[in-house]
Amino acid sequence: MSKRIIEDLQYKKTIPIRLSSIRDLVRMASSVAMMQPTYIIRYKNRDGKTILGFLAVFRDYYNYYGLPMFYYVIDENDTLKDASYVLVKLDDAGERIEPSKTTRPGYVAVPIINVDKAPEFLLPQDVE
């Protein structure tokens, strides 16, 4: 990416929104996945903490068009460390959210993508 493009994007950072729990993050990501492909991004911030999140666009808010939102949680215990997917199933028994290495029929599968490096305007480093 050219230096000029990065400089132009410095003021257009994503808006981080911390959610209460991994369950909330997965529930939100899986509901969005019904409308468009969605994945959870996993990366380490500057402090070495594991951040799980996904990017979404908040459309048509007054004169703001396409605000980039980053919904995230800090995975303090590396709960999803070995997972490649998070599976979600909602039925008469209730809501089930399971980390998994594979997909399974009857579940909404949200992939987890490991990101090694990305521009800070895209994936915030200073989230708490």
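Me: Why is Arg27 called partly exposed?

Reply: In this predicted model, the relative accessibility of Arg27 is 34%.

Me: What makes the pair Arg27 and Glu95 a salt bridge?

Reply: The side chains of Arg27 and Glu95 meet at 2.8 Å, N to O. The cut-off is 4 Å between a side-chain nitrogen of Lys or Arg and a carboxyl oxygen of Asp or Glu, so the pair at 2.8 Å is a salt bridge. Arg27 is in helix H2 and Glu95 is in strand S6, 68 residues apart, so the pair links distant parts of the chain.

Me: How do you know that Arg23 and Glu95 also form a salt bridge?

Reply: The same test applies: their side chains come to 3.0 Å, N to O, and the limit is 4 Å. This pair too links distant parts of the chain, with Arg23 in helix H2 (residues 22-33) and Glu95 in strand S6 (residues 94-100), 72 residues apart. Side chains of opposite charge can pair when their charged atoms come close.

Me: Are Arg23 and Glu95 buried or partly exposed, and how do you know?

Reply: Arg23 has a relative accessibility of 37% and Glu95 one of 28%. Buried would need a value under 20% and exposed one over 50%, so both Arg23 and Glu95 count as partly exposed.

Me: What makes Arg96 and Asp91 a salt bridge, and how accessible are they?

Reply: The side chains of Arg96 and Asp91 meet at 2.5 Å, N to O, and the limit is 4 Å. Arg96 is at 30% relative accessibility and Asp91 at 32%, so each counts as partly exposed.

Me: Which residues do salt bridges with shared partners join into one network?

Reply: They join Arg23, Asp24, Arg27 and Glu95. The whole structure has five salt bridges.

Me: Why is Val110 called buried?

Reply: Val110 has a relative accessibility of 0%. Buried means under 20%, so Val110 is buried. Val110 lies in strand S7.

Me: Which residues does Val110 touch beyond its sequence neighbours?

Reply: With neighbours within four places in sequence left aside, Val110 is in contact with Ala29, Ser30, Thr38, Tyr39, Ile40, Ser84, Tyr85 and Val86. The C-alpha atoms of Val110 and Leu87, which are 23 residues apart along the chain, are separated by 6.4 Å.

Me: How do you know that Thr50 is buried?

Reply: Its relative accessible area is 6%, and the cut-off for buried is under 20%, so Thr50 is buried. Thr50 belongs to strand S3 (residues 50-58).

Me: What makes the pair Thr50 and Lys44 a polar contact?

Reply: The two side chains make this contact at 2.9 Å. The limit for a pair of N or O atoms is 3.5 Å, with one able to donate a hydrogen and the other to accept it. Beyond neighbours within four places in sequence, the residues in contact with Thr50 include Arg42, Val73 and Asp78.

Me: What stands out about the phi of Asp78?

Reply: Phi of Asp78 is near 50°, a positive value in a residue other than glycine. Most residues other than glycine have a negative phi. Asp78 is placed in the loop between S4 and strand S5 (85-91), and at 28% relative accessibility Asp78 counts as partly exposed.

Me: Which residues form a nonpolar patch on the surface?

Reply: The patch is formed by Phe58, Tyr61, Tyr62 and Tyr64, with about 490 Å² of accessible area together. Membership needs over 30% relative accessible area, and Tyr64 has 46%, so Tyr64 passes that cut-off. Tyr64 lies in the loop between S3 and strand S4 (67-74).

Me: Where is confidence lowest and where is it highest?

Reply: Confidence is lowest in helix H1 (residues 3-9), at a mean of 51, and highest in strand S7 (residues 108-114), at 93. The mean pLDDT of the chain is 83.

How values were computed. Residues are numbered from 1 along each chain as its sequence is written. This is a predicted model: local features need pLDDT of at least 70, side-chain atom pairs count only at pLDDT 80 or more; totals for chains, interfaces and linings use all residues. Side-chain values use heavy atoms; hydrogens and water are left out. Helices (H or I, at least four residues) and strands (E, at least two) are DSSP runs, numbered from the N terminus. Buried means under 20% relative accessible area, exposed over 50%, partly exposed in between (1.4 Å probe, protein chains only). Contact means heavy atoms within 4.5 Å. Patches are made of residues with over 30% relative accessible area and no salt bridge: like charges are joined within 9 Å, nonpolar side chains (Val, Leu, Ile, Met, Phe, Trp, Tyr) within 5 Å. Accessible areas come from the Shrake-Rupley method with a 1.4 Å probe; for residues, only the protein chains shown count as cover. pLDDT is the predictor's confidence in each residue, from 0 to 100.
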